[in-house]
Amino acid sequence: MFEGGAAADAAGHLEAALELDPEYAPALWYLANVYLYGLEDGEAALPVLEDLGAVEGLPDDIAHAVAEMIPIARGEEPAP
């Protein structure tokens with residue numbers, strides 16, 4: 001998905017954005033994806049996904065994706 005150090009660079013930029021606004025849902029969403037799929041680091045993705053899942057007014061499609069990603073981040077088999 002990411003070439004070279006692009007995933008690590010992206011994570012750094014998103015982490016910086018979240019220092020300014022820790023509840024900024026788009027940054028949480030992208031960071032969770034970078035951790036889980038770009039860096040293949042479920043341990044780092046899990047708390048981000050949990051924080052994202054707690055955001056009020058999250059669009060249904062994102063909430064559904066978060067619910068599917070949490071077991072993957074835990075190393076569990078995704079639900080069918």
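Start by selecting Asn33: at 17% relative accessibility, Asn33 counts as buried (buried is under 20% relative accessible area, exposed over 50%, partly exposed in between, with a 1.4 Å probe and protein chains only). You are looking at a predicted model, where local features need pLDDT of at least 70, side-chain atom pairs count only at pLDDT 80 or more, and totals for chains, interfaces and linings use all residues. Residues are numbered from 1 along each chain as its sequence is written, and side-chain values use heavy atoms, with hydrogens and water left out.

**Stop 1: around Asn33**

Stay on Asn33. Leave aside its neighbours within four places in sequence, and Asn33 is in contact with Gly38 and Met69 (contact means heavy atoms within 4.5 Å). Asn33 belongs to helix α2. Helices here are DSSP runs of H or I with at least four residues, strands are runs of E with at least two, and both are numbered from the N terminus.

**Stop 2: helix α2**

Now select residues 25–38, which are α2. This helix has 14 residues and reaches 19 Å from its first C-alpha to its last, close to the 20 Å expected at 1.5 Å a residue. The expected span is 1.5 Å times one less than the number of residues. How many of its 14 residues are buried? The count is 10, so α2 is mostly covered. Among them are Leu28, Trp29, Leu31 and Tyr35. The buried residues of α2 pack against α1 (6–20), α3 and α4.

**Stop 3: Glu40**

Step on to Glu40, in the loop between α2 and α3. Glu40 is exposed, with a relative accessible area of 70%. Check its backbone too. Glu40 is not a glycine, yet its phi is positive, about 50 degrees.

**Stop 4: helix α4**

Select residues 60–73 for α4. This helix has 14 residues and reaches 20 Å from its first C-alpha to its last, close to the expected 20 Å. Its buried residues are Ile62, Ala65, Val66, Met69, Ile70, Pro71 and Ala73. What covers them includes α2 and α3. After α4 comes Gly75, with a positive phi near 85 degrees.

**Stop 5: α2 beside α4**

Show both helices together. The axes of α2 and α4 come within 12 Å and cross at roughly 30 degrees. Axes are lines fitted to C-alpha atoms, for helices over the stretch in contact, and angles run from 0 to 180 degrees between N-to-C directions. That makes α2 roughly parallel to α4. Angles under 35 degrees count as roughly parallel, over 145 as roughly antiparallel, 65 to 115 as roughly perpendicular and the rest as oblique. On the α2 side, Trp29, Ala32, Asn33, Leu36 and Tyr37 make the contact. On the α4 side, look for Ile62, Ala65, Val66, Met69, Ile72 and Ala73. By class, this contact of α2 with α4 has 10 nonpolar, 1 polar and no charged residues. Ala, Val, Leu, Ile, Met, Phe, Trp, Tyr, Cys and Pro count as nonpolar, Asp, Glu, Lys and Arg as charged, and the others, Gly among them, as polar.

**Stop 6: α3 beside α4**

The axes of α3 and α4 come within 9 Å and cross at roughly 150 degrees. Are the two roughly parallel or antiparallel? They are roughly antiparallel to each other. Select Gly42, Glu43, Ala45, Leu46, Leu49, Leu52 and Gly53 in α3; they meet Ile62, Val66, Met69, Ile70 and Ala73 in α4. The residues of this contact of α3 with α4 divide into 9 nonpolar, 2 polar and 1 charged.

**Last stop: Asp51**

Finish on Asp51 in helix α3. At 47% relative accessibility, Asp51 counts as partly exposed. Asp51 and Pro22 are 29 residues apart in sequence and 9.1 Å apart in space, C-alpha to C-alpha.
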